[in-house]
Amino acid sequence: MQTHDLEKRFQEKIDAEIKIEPKDWMPDAYRKNLIRQISQHAHSEVVGMLPEGNWITRAPSLRRKLILMAKVQDEAGHGLYLYSAAETLGASRDDLVMDLLNGKAKYSSIFNYPTLTWADIGAIGWLVDGAAIMNQVMLTRTSYGPYARAMVRICKEESFHQRQGYEIMLTLAKGSPEQKAMAQDALDRWWWPSLMMFGPHDSESTHSEQSMKWKIKRKSNDELRQAFVDATVPQAELIGLKVPDPDLKWNEERGHYDFGEINWDEFWNVVKGHGPCNKQRLDTRRKAWEDGAWVREAAMAYAEKKAARRLQQSGEEAA
Ligand code: FAQ
């Protein structure tokens, strides 16, 4: 069959909502775009463990410590499902990790900001996981089967994370004036970076048009950002916190909040590696990769030995 016919049949499948599976024919550009998005998503989950991991030893109670440890472990699990989904497209995990460590692959801008107080852990759960779910619910219906199925489980866990973060913020907002101020300060620092998570405006987005045609993405960056603002502003009001945006206003006619312009220079600066914690995050991941070399070697040696023994046993049985 000619490439043109294959492409036509592929698009018909997408339009008919039939999932694309690993062994199906797919255009090279579809495969490449998915490896890019899924691996960057995996890197985000893994690097995303670092800002919160920073507070495990300083959580204010045993209960909070247990919850935070479980959450950080969930993020590691999300990274693993996603690397596995990328591997079904023919990518090698070692190559993907190398792309992260040498700065070729991106990860979410949000994880390049520091966690300065305990309230930041609340703000991350509430806002960062909240933004992640807003973006990722649509990915449970993405056109590539393994990615869609991984996202179902991830979204269930993310929604628990969002609630635990909001509960931390609620507790602080109801606490002493100092605690409430700490919650407000965290909201002030995390609000704008959370809005940046959705990516550039649709008019500036490189991949959106094609990704939406292929139903990798089902909603645009700006649509999702608006939905996040609409859902989150009432949550802030409910706990008596103020969103740090003088231009934020309910627009009766549109049925949405109007909000101020994002500082795109800051966004691109962080994406290009010059945010407050980019260097620290990559150095930490690089050290973890190097320190883990012996574990990978041992696991490979064990797997090889087991395979050799199985081969020997099957040879003995045949004889
Ligand atoms: N940061 O053409 P578009 C989480 C890049 S997981 C850095 O619009 P696209 C869980 C983009 O890659 C958070 N780079 O791109 C958690 C592209 O560059 P490239 C991550 C960004 O792919 C919570 C260029 O800009 N979620 O939080 C960002 O169509 C708490 C042009 O952009 C996902 O990865 C950014 N914010 O749309 C963990 C979800 N935005 O690749 C721990 C899956 C854009 O050509 C604690 N990904 N860029 O070099 C997606 O839905 C999409 O990839 C978007 C971007 C929406 C992120």
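This is a predicted model: local features need pLDDT of at least 70, side-chain atom pairs count only at pLDDT 80 or more; totals for chains, interfaces and linings use all residues.

Me: What about A70, buried or partly exposed?
Reply: A70 also belongs to a helix, namely helix 4. With a relative accessible area of 33%, A70 is partly exposed.

Me: How far is the A70 C-alpha from the one in H161?
Reply: Those C-alpha atoms are separated by 9.7 Å, and the two residues are 91 apart along the chain.

Me: Let's do packing. What numbers do I need for two packed helices?
Reply: The angle between their axes and the distance between the axes.

Me: Then what are they for helix 2 and helix 4?
Reply: The angle is about 160°, and the axes are 8 Å apart. Angles over 145 degrees count as roughly antiparallel, and therefore helix 2 and helix 4 are roughly antiparallel to each other. Their crossing is left-handed.

Me: Which residues make that contact between helix 2 and helix 4?
Reply: From helix 2 you have I38, H41, A42, H43, E45 and V46, and from helix 4 E75, H78, G79, L82, Y83, A85 and A86. Sorted by class, the contact of helix 2 with helix 4 has 7 nonpolar, 4 polar and 2 charged residues.

Me: Who meets whom between helix 4 and helix 6?
Reply: On the helix 4 side it's R64, L68, K71 and E75, which meet W118, I121, G125 and D129 in helix 6. By class, the contact of helix 4 with helix 6 has 3 nonpolar, 1 polar and 4 charged residues.

Me: Switching to rings. How many aromatic pairs does the structure hold?
Reply: There are 11 aromatic pairs in the structure. One of them is F10 with Y30: the ring centres are 4.8 Å apart and the planes sit at 75°, so the pair is edge-to-face.

Me: Where in the chain are F10 and Y30?
Reply: F10 is in helix 1 (residues 3-15) and Y30 in helix 2 (residues 28-47), 20 residues apart, and the pair links distant parts of the chain. Both F10 and Y30 are buried.

Me: Which aromatic cluster has F10 in it?
Reply: The one formed by F10, W25, Y30 and W214.

Me: And how are the rings of W264 and F267 arranged?
Reply: Their centres are 5.4 Å apart with the planes at 90°, so W264 and F267 are an edge-to-face pair. Both lie in helix 11 (residues 264-274), 3 residues apart, about one turn of the helix.

Me: Are W264 and F267 buried or exposed?
Reply: W264 is buried, with a relative accessible area of 16%. F267 counts as buried too, at 5% relative accessibility. The cut-off for buried is under 20% relative accessible area.

Definitions and conventions: Residues are numbered from 1 along each chain as its sequence is written. Side-chain values use heavy atoms; hydrogens and water are left out. Contact means heavy atoms within 4.5 Å. Helices (H or I, at least four residues) and strands (E, at least two) are DSSP runs, numbered from the N terminus. Ala, Val, Leu, Ile, Met, Phe, Trp, Tyr, Cys and Pro count as nonpolar, Asp, Glu, Lys and Arg as charged, and the others, Gly among them, as polar. Rings of Phe, Tyr and Trp (its six-membered ring) pair if their centres lie within 6.5 Å; planes under 30 degrees apart count as stacked, over 60 as edge-to-face and the rest as tilted. Buried means under 20% relative accessible area, exposed over 50%, partly exposed in between (1.4 Å probe, protein chains only). Axes are lines fitted to C-alpha atoms, for helices over the stretch in contact, and angles run from 0 to 180 degrees between N-to-C directions. Angles under 35 degrees count as roughly parallel, over 145 as roughly antiparallel, 65 to 115 as roughly perpendicular and the rest as oblique. A crossing is left-handed if the near helix is turned anticlockwise from the far one by less than a right angle, and right-handed if clockwise.
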